Amino acid sequence: MGVIGGSLAGWALRRPHLLLAAVPGATAVRLAVEAEARRHGWSQATSPADADLLVVAGEPGTELAGAVDRVWDQFPGPRARVQVVDAQDAAAALREAAQRLHDCGGGGQGQHDGGHEGHGGMSMPGGLMMAKRANDRDGLKLDALHLALGPVLVDWPAGLVVELTVQGDVVQAATGRVLPPAQPVEGSYWDVGDADTRRRRHAAAHLDSLGRLWAVAGWEGGAEAVRGLRDEVVGGMPVVEAYRRFRTLDRRARRSRALRWATDGLGMLDATRARGAGVTGPAARSAEAGGDVTARWRCWLAETGRLLAGGEPADVGPRGGPVGGAPASAALLTEATRLMVGLDLAAARLVLASFDPDSDELLTVGVRR
């Protein structure tokens, strides 16, 4: 029976708006939840105010759990909340959550896991936003606002918090760190298994990154299509069929003037800087081919096409290989936050999405940024 089938048939016209709180180390759970929600046509909420269903994928640690609770406090009623800790339980958990939401559809608040109660508005991770005077680039005194992006944000790496200093709408400083889960992360989901599994997962990792970037860039149709293909690749679709579908999507992306307009010339990383910063993998190769956000998503496309055509993974992991004992994502996060400086918030988010550091990879080796 489908998630909105059977006893929920009468409620099918009111589909949930789902906000997903992904926990590092639970990539398989996140993918299962996203695939199940997509299968039944559920919408992804753009903010807590737009959501009525909160799904926590994985087991958050203390700090991340507190951030999730503060996001939950912002949900209007009726609302429901559920936690999924095993990918195989995603369908049943969403069915249960949908039933809770249906039961409280008369205007009351739905029950949720853990017994947390609302406590009013959200405070940002790391403290409340505070403003003080600081020198602007042109010498004027403007309010410097300290705020944080994440860790629960649509189209955002799991558990990542980027703490910003902003004047006007321009980022003056940025640092990133990942809030850990309750249990240690054993490794990156994207880089395990035999040769065929690694090939599929590397391709799926690039498709996952493309979906996040294109959604942030506003190309929702492309983001939805690439995520659907990602789910099929992970699910075992024959690579011949996956490659055929990918080629159609590849042509659409490369011909999209709107996408190029949103990403051309943004977040420039030249090859010399990339080598000096220890950047490897697709981000390093894209630095040889222009080095902007466009070059990075085009490189992900090229890598995906090569893998689905039967090529071997070019790197230890989809983000590249370790440098000096640090994972590839450590350099990606460092360079992403460096390049966010001087940009408005929308452009800064695009730059971060174009590097897409893997939270699982960072926490596997205990990196905290």
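At what angle do helix α4 and helix α10 pack, and how far apart are their axes? The two helices, α4 (residues 195–216) and α10 (residues 293–308), pack at an angle of about 150 degrees, with axes 9 Å apart.

## Ground rules

This is a predicted model, where local features need pLDDT of at least 70, side-chain atom pairs count only at pLDDT 80 or more, and totals for chains, interfaces and linings use all residues. Numbering starts from 1 along each chain as its sequence is written, and side-chain values use heavy atoms, with hydrogens and water left out.

Helices (H or I, at least four residues) and strands (E, at least two) are DSSP runs, numbered from the N terminus.

## The α4–α10 pair

Back to that packing angle: it makes α4 roughly antiparallel to α10. (Under 35 degrees counts as roughly parallel, over 145 as roughly antiparallel, 65 to 115 as roughly perpendicular, and the rest as oblique.) Axes here are lines fitted to C-alpha atoms, for helices over the stretch in contact, with angles from 0 to 180 degrees between N-to-C directions.

The crossing of α4 past α10 is left-handed, meaning the near helix is turned anticlockwise from the far one by less than a right angle. On the α4 side, the residues involved include R199, H202, H206 and W214, and their counterparts in α10 include W297, W300, E303 and L308. Contact means heavy atoms within 4.5 Å.

## The sheet

Now for the strands. Four of them make an open, parallel sheet in the order β2-β1-β3-β4. β2 (43–44) and β4 sit at the edges with a single partner strand each, so one side of each has no neighbour in the sheet. Strands count as paired if DSSP finds at least two bridges between them.

β1 (residues 17–22) and β2 run parallel and are joined by two bridges, with H17 partnered by S43 in β2. Helix α3 (residues 90–103) packs on the sheet, touching β1, β3 and β4, and its direction makes about 170 degrees with that of β4.

## β3 to β4

Five bridges join β3 (residues 53–57) to β4, again parallel, and L53 has A80 as its bridge partner in β4.

Strand β4 (residues 80–84) is mostly covered, with four of its five residues buried. Buried means under 20% relative accessible area, exposed over 50%, and partly exposed in between (1.4 Å probe, protein chains only).

## T27 in α1

T27 is in helix α1 (residues 27–39). T27 counts as buried because its relative accessibility is 7%. Leaving out residues up to four places away in sequence, T27 touches Y189, W190 and D360.
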